[in-house]
Structure formats: structure tokens, C-alpha cells
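This briefing goes through a protein model by topic, from the whole chain down to single residues. Please keep the sequence and the 3D view open while reading.

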Amino acid sequence: MTEYFDEFETQSADERAARQLDLLKVQIERARQAPYFDQTLAGFTADDLSDLAKLPVVRKSDLIDMQGKEPPFGGMLAVPVKDLARVYMSPGPILDPDGYAPAHDWWRFGRAAWAAGLRNGDIVANCFSYHLTPAGRMFEEACHACGATVLPAGIGNTEAVVQAMSLYKATAYAGTPDYPKALLDKAADLKLDLSSLKTLMVGAGPLFPSMRQDYHDRGMTCLQTYGTADLGNVAYESKAMEGLITDEDVIVEIVRPGTGDPVDLGEVGEVVVTLLTNRDYPLIRFATGDLSAILPGVSPCGRTAPRIKGWMGRADQTAKIRGMFVRPNQVAEIVARFAEITKARIVISSDDAKKDVMTVHCEATGDIDAAKIAETVQSVTKLKGAVVLAEPGSLPNDGKVIDDTRDFSS
């Protein structure tokens with residue numbers, strides 16, 4: 001029984017780059033069938049994967065407005081709607097398509113399921129929703145790609161789900177990280193046997209170390225995936241449990257929040273994803289709004305794709321100060337106006353009278369006039385703020401460009 005889903009998982013860096021560049025060139029031509037990308041890709045050619053940084057990002061947070069102006073998919077669909085297999089509506093509302101794909105794994109979660117250990121003979125209780133949102137379908141197709149059998153449990157009706165899992169002797173679970181505990185507790189109350197359950201494949205929520213340890217103590221392996229309803233699979237854990245391995249059919253960039261500029265290796269920033277094999281919905285430089293960082297090296301499991309640390313917060317750090325919204329792109333504009341500034345962060349606090357206080361911390365080189373920075377801050381944000389100059393590398397590496405420290409609890 002092979003350890004890997006396919007031969008691409010152990011490619012050299014050069015082999016992977018060459019394959020992904022070939023796929024990117026095909027995807028660019030395919031994307032030109034979508035009105036939005038036909039416009040943003042005008043005159044663009046890719047000679048290297050790094051050329052992607054020349055293109056604008058499209059942010060998940062903009063999808064509602066884009067889809068409202070050009071329904072249903074904001075001009076980013078490369079096929080007629082009639083050629084889709086399913087359509088969904090995620091919270092927001094954000095509309096998501098689902099197409100036909102070889103091996104019926106359109107969302108590409110099969111690789112994640114294989115790394116979690118799912119194989120032919122497994123019976124998987126799929127506790128992701130099957131209604132309106134695509135998560136249930138995503139993970140059902142992933143299980144089928146590994147030859148596993150699916151119990152389409154969905155969300156809720158815990159007692160019935162536990163009964164079915166016990167009767168079928170379910171060996172695996174797919175769903176949010178916290179729900180297995182509810183299932184196990186309910187099984188104990190009903191005196192039903194779930195001892196066959198050995199593998200948990202989780203996503204769409206935080207997996208806390210104590211939670212994973214609890215499952216481990218019960219004899220179960222718990223591995224997480226990372227993806228979105230727009231992109232499908234982005235990255236996944238293997239049993240090495242050292243970071244999340246990026247999918248072979250995506251390119252993951254980490255950019256400074258509020259910009260499309262890639263950060264240095266290891267620096268925290270916003271996750272931006274380009275799909276390479278989805279010909280129906282060819283998202284290019286799609287900014288998820290999530291923070292993460294690229295890990296150095298490769299996974300001990302032998303998979304050689306780049307790894308990310310996992311979910312590290314939200315990049316959309318928009319805050320309201322004295323009645324005005326301050327956004328990450330405004331911080332980026334302030335930095336862009338001064339060659340001496342390499343990094344900046346707005347810190348929001350409250351004084352003794354509970355009034356908002358804005359301080360702009362700037363990593364700067366050479367001589368720079370803090371008063372001129374303060375003038376620019378007021379021009380860009382329409383708010384006055386104190387400026388603090390800092391040494392390069394002194395600001396925290398957490399991806400934050402707006403840090404709201406106000407206490408709203410009292």
C-alpha cells in the first residue's frame with residue numbers, strides 16, 4: 001500500500017516548479033474565458049512562478065460586492081452556469097460553484113484524506129453540512145478518491161448519527177474539530193460502542209492542542225485540513241504533524257496584509273492562493289483573509305511541497321477609530337510614501353477617559369522626520385496619531401498591521 005497519494009508529492013523543488021509553471025500557463029489562458037480575469041490578465045505572461053506577484057489580488061472580502069454587481073459569480077466563472085454540477089450559497093452570502101472533474105474530486109481534498117490515512121475499507125461519518133454550503137460534498141468526494149465508504153451524516157441529530165456510526169462500525173470521521181467529543185459523549189450516554197472510530201479528519205474550526213490530545217488519549221488520530229468554499233483544498237496535515245503541506249495543484253503566496261506584495265520567508269502575512277487545475281472557477285491570486293507563514297524545509301513524512309504554519313488569525317484587521325474606519329491598505333499606503341519605512345503597524349488603545357488613541361509604529365532606516373509621517377497618517381486616515389520610530393525587525397512577526405488593544409468588556 002503506497003504511502004503517498006501520487007508521485008507529485010515527493011518531487012524535487014525544481015520538478016514541482018516546472019510542473020506548476022506549465023499548469024499556470026494553461027490556467028491563465030483558461031481564466032481569460034472569465035470576464036474578470038480577462039481584464040486583470042490583459043498583457044500578462046508567466047515566465048516564472050514569481051511573476052504572479054505582478055497581478056492584483058482579489059480578496060474574499062470583496063466577493064459579495066463583486067457578485068452583486070455581476071451575478072452570480074462576479075465574472076470569475078470560466079464556463080456557463082448550466083455546465084456546473086452544483087451551486088451553493090455560503091454565509092455572507094457568497095455564491096460558490098461546483099463542477100465536474102476526473103475522479104469526481106473537484107475540490108481536491110482526496111490528497112488530504114489520503115494523508116489522514118483513509119483507504120478502501122474505511123467507513124467515514126461525514127459530519128460536514130450537505131446543504132447550501134459545499135463542505136459535505138467536498139469531503140465525500142475526498143473519501144471516494146481514497147476508496148472509502150461514506151455515511152452522509154451532516155450536522156446535528158447527534159443521537160441518530162451516533163446510532164448509525166455504531167451500527168456501521170464507522171472507522172473515521174470528517175467534520176469540525178469539536179464535534180467528535182459531542183458524538184463520543186452521546187455514545188457514552190446511550191451506551192453505544194464507537195470503539196471502531198480511529199481516524200478524525202477535521203477542518204473549518206480551530207483544533208486546540210488539548211482537544212487533539214484528548215482524542216489521541218482515546219486512541220484516535222486527529223489531522224486537520226485547510227481550505228475554503230471558494231478554493232477547495234489548500235493545505236493539509238500528514239501524520240508528521242509539522243505544519244500543513246500545500247496541495248500540489250495550488251500556488252500559495254504569503255503577502256503583506258492590505259497589499260499583494262510577498263513577504264520574506266517565515267514572515268507572517270495573508271494567504272493568497274492560485275488554483276492550477278480548476279478550469280471552471282480559475283481563481284488567480286485569491287486572498288483568503290487568513291494569516292499564516294511559510295515554514296522552512298520539508299515535512300518529515302517525505303512530502304516535499306512547501307508548508308504553512310496553519311491558521312494564525314485574520315488579515316482583515318479593519319478597525320473603527322473615533323468613528324472612522326482604518327484599513328490595512330491605508331497602512332500599506334503610508335509605508336509606500338516613504339522609502340525609509342520598511343514596516344508599519346497602527347496600535348489602537350484607550351486613554352483613561354476611554355477615548356481612542358492611535359499610535360503608528362514604523363520600522364525605519366536612515367534619517368526620517370516623524371512629523372512628516374504624522375502628516376501623511378492624517379492625510380491617509382483622516383485621523384491624528386502619534387508616530388513612534390522603531391528599529392528594523394523590532395515589530396512582532398504576527399502579520400498584524402492594525403493592532404486593536406482596546407478593552408470593550410466594560
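The model is predicted. Its protein chain holds ten helices and 21 strands. With a radius of gyration of 23 Å, close to the 22 Å from the globule rule for 410 residues, the chain is as compact as a globular protein of that length.

**Overall form**

- The C-alpha trace of the protein chain spans about 70 × 55 × 45 Å along its principal axes.
- Buried residues make up 52% of the 410 residues in the protein chain.
- If contacts in the protein chain are limited to residues at least 6 apart in sequence, 64% of them join residues at least 24 apart.

**The four-stranded sheet**

- Four strands form an open sheet in the order β1-β13-β12-β11, and the pairing is mixed.
- The edges are taken by β1 and β11 (250-255); each has a single partner strand, so one side of each is left without a neighbour in the sheet.
- Strands of a sheet pair through backbone hydrogen bonds, in either the parallel or the antiparallel sense.
- Strand β1 (residues 58-59) pairs with β13 in the parallel sense, over two bridges.
- Strand β12 (residues 269-275) pairs with β13 in the antiparallel sense, over four bridges.
- Ala 287 in β13 stands opposite Arg 59, and Val 272 also stands opposite Ala 287.
- Strand β13 (residues 286-292) has seven of its seven residues buried, so the rest of the structure largely encloses it.

- Strands β2 (residues 86-90) and β3 run antiparallel and are joined by five bridges.
- Ser 90 is placed opposite Ile 94 in β3.
- Three residues lie between the two strands of this hairpin, where Gly 92 takes a positive phi near 150°.
- In strand β3 (residues 94-98), four of the five residues are buried, so this strand is largely enclosed by the rest of the structure.

**Helix α5**

- Helix α5 (residues 135-145) is largely enclosed by the rest of the structure, because eight of its eleven residues are buried.
- The buried residues of α5 are Ala 135, Gly 136, Met 138, Phe 139, Glu 140, Glu 141, Ala 142 and Cys 143.

**Helix α9**

- An α-helix has 3.6 residues a turn, so residues three or four places apart point the same way.
- In helix α9 (residues 328-336), the buried residues are Pro 328, Gln 330, Val 331, Ile 334 and Val 335.
- Viewed down the axis of α9, these buried residues fall within an arc of 160°, so they line one face of the helix.
- The elements packed against by the buried residues of α9 are β17 (324-326), β18 (341-350), α10 (370-381) and β21 (402-404).

**Thr 158**

- Thr 158 belongs to helix α6 (residues 158-168).
- Its side chain makes a polar contact of 2.8 Å with the side chain of Tyr 179.
- With neighbours within four places in sequence left aside, Thr 158 is in contact with Tyr 179, Ala 182, Leu 183 and Lys 186.

**Val 388**

- Val 388 is part of strand β20 (residues 386-390).
- Is Val 388 buried, partly exposed or exposed? Its relative accessible area is 33%, so Val 388 counts as partly exposed.
- The contacts of Val 388, leaving aside neighbours within four places in sequence, are Thr 359, Val 360, His 361 and Cys 362.
- From C-alpha to C-alpha, Val 388 and Ile 373 are 9.7 Å apart in space, with a separation of 15 residues in sequence.

Key. Residues are numbered from 1 along each chain as its sequence is written. This is a predicted model: local features need pLDDT of at least 70, side-chain atom pairs count only at pLDDT 80 or more; totals for chains, interfaces and linings use all residues. Side-chain values use heavy atoms; hydrogens and water are left out. A polar contact is a pair of N or O atoms within 3.5 Å; within protein, one must be able to donate a hydrogen and the other to accept it, and residues adjacent in sequence count only if both atoms are side-chain atoms. Contact means heavy atoms within 4.5 Å. Buried means under 20% relative accessible area, exposed over 50%, partly exposed in between (1.4 Å probe, protein chains only). Two strands pair if DSSP finds at least two bridges between them. The arc is that of the directions from the helix axis to the C-beta atoms. The radius of gyration is taken over C-alpha atoms; the globule rule is 2.2 Å times the number of residues to the power 0.38.
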